[in-house]
Amino acid sequence: MRLLYLAPAALGLLAVLSGCATTYDAAWPPPRPLGDAVSAYHPPQSPASADSLVARDPSPEGVLTLREVLALALLHNPDLRAFGWEVRAREAHTLQAGLPPNPEIGTDLENFAGGGPVSGTDAAELTVGLSQLIELGGDRRRRRDVAALERDLAGWDYETVRLDVLTETAQAFTDLLAAQQRMLLADSLSRQAELFYESVAARVEAGKVSALEERRAQVVRSTAAIQRERAARELAAARVRLSATWGRTDPTFERVVGDLSVVVPPPPMATLEAFVERNPDVARWSAEMALRRANVALEKARRIPNPSLLLGVRRLRDLGETALTTGVSIPLSIFDRNQGAIREAEYRLRQGEELRRSEATRARRMLAEAYALLAAAYGEVRTLREAVLPAARENFAATQEGYREGKFDLLTVLDAQRILFETTNQYVDALAAYHAARAEVERLIGTPLSDVSNQ
């Protein structure tokens, strides 16, 4: 099975995003509506497929693949689900921003409770009227544009969280797969230490070697048991970390399956740098700058006074007649011409340009660091696989055979065993580091490395 080739496939779902009504120059298409990435996610149909798994319960059992784990995280991760409500809240805010102001109803009672002819309420005049604020300068349209851009920006932030969740899940899956491998190694070492101790004890009993070698074998057996216990604790912690990506801290699955040994050479750094603009942390700034420009336009529109029109009905008690009244109210822009808010919006627009460049620089710096780790891990895997591990295996086999023939002492065998165990663990660590770095690089360029290699 090609383990982490499935992680780029999941990330690739996020790179194929549909258009949006708001127009601005984005480096990456705006995100799809909430849930589209999950509905477009089609794992292979099988009895243990992710579709059937997540539809029943976020507490899966049995054997899990990376594809199933990613689907569980997409559907049940608490951070992702919480941020989904932020997207919906922004959609509701956009609806509210596009509504016109409500009319106001008011009453006016004149000429009552005075003296002489206007005493009491006999001469009172009652007016009932409506007033409506008229928004000039395109206030409502610009307010709606700002809210729509804030909604799109929340969509970009949702994509950022979704990529973070996918990356964290892929790395947790890798950690668990490596922990399972280390557990197998620790089990093997413990069994070998037990068999070796029994062999040495038999040789001591037969008088072929001294009792000192039996005590040394006992130390080795105890050390192997301690290492196995440590591996078991690390495995349990890795299981909890993985299940936490879909909101559970009580792992119910049996194990995960995958092949850590699948590694490919990373593309050149210059090639990856061209994809930095697809990083949602960078790409979101196209929407951010559009939002800041829209805020400038909105504040400039607000400096135009908005008049209120009045229309009412007045009852003339003296005449016994009813008449219409009308009027207009216009604010005088003498002191407050919204000049402070306009200047603030313009300053924030200029600030956005600097922040945009800063984010692009930060993303390139982080990509360089992640790429260095990826290239180093790939080189270490190749060296260990092709040179170091074969030599360690041959050395251990030769020393075991030599010990049985009396050519080597116990210390030589134990040293060869230690070297083989440490080298194998180092190989597993290097594989885990490679796949973790690969997931991080894909997060930073917003694109699967397999897609980069095909372009």
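**View 1. Four strands line up as an open sheet in the order 2-3-5-6, with antiparallel pairing.** Strands here are DSSP runs marked E of at least two residues, helices are runs of H or I of at least four residues, and both are numbered from the N terminus. Two strands pair if DSSP finds at least two bridges between them. Strand 2 and strand 6 (321-329) sit at the edges, so to speak: each pairs on one side only. On average, neighbouring strands of this sheet are turned by 20° against each other, direction ignored. For angles like this, axes are lines fitted to C-alpha atoms, for helices over the stretch in contact, and the angles run from 0 to 180 degrees between N-to-C directions. Keep in mind that this is a predicted model, where local features need pLDDT of at least 70, side-chain atom pairs count only at pLDDT 80 or more, and totals for chains, interfaces and linings use all residues. Residues are numbered from 1 along each chain as its sequence is written, and side-chain values use heavy atoms, with hydrogens and water left out.

**View 2. Strand 3 has strand 2 on one pairing and strand 5 on another.** Strand 2 (residues 104-110) and strand 3 (residues 125-133) are antiparallel and share 7 bridges. Look for Leu109, whose bridge partner in strand 3 is Leu126. Strand 3 also pairs with strand 5 (residues 308-316), again in the antiparallel sense, over 9 bridges. Here you can find Thr127 opposite Arg314 and Leu133 opposite Ser308.

**View 3. Strand 5 and strand 6 make a hairpin with 4 residues between them.** The two strands run antiparallel and are joined by 9 bridges. Leu316 faces Glu321 across the pairing, and Arg315 stands opposite Thr322. In the turn, Gly320 has a positive phi of about 65°.

**View 4. Helix 10 (residues 339-404) has 66 residues and a bend of its own.** From its first C-alpha to its last, helix 10 reaches 93 Å, close to the 98 Å expected at 1.5 Å a residue. That expected span is 1.5 Å times one less than the number of residues. At Leu384, helix 10 bends by about 45°; the bend is the angle between axes fitted to the seven residues ending there and the seven starting there. Just after helix 10 comes Gly406, with a positive phi of about 85°.

**View 5. Helix 11 packs against helix 10 and against helix 6.** Helix 10 and helix 11 have axes 7 Å apart, at an angle of about 160°, so they are roughly antiparallel. By class, their contact has 29 nonpolar, 8 polar and 5 charged residues. Helix 6 (residues 139-205) and helix 11 (residues 410-445) pack at about 170° with axes 9 Å apart, so this pair is roughly antiparallel too. Their contact has 17 nonpolar, 10 polar and 5 charged residues. Angles under 35 degrees count as roughly parallel, over 145 as roughly antiparallel, 65 to 115 as roughly perpendicular and the rest as oblique. Ala, Val, Leu, Ile, Met, Phe, Trp, Tyr, Cys and Pro count as nonpolar, Asp, Glu, Lys and Arg as charged, and the others, Gly among them, as polar.
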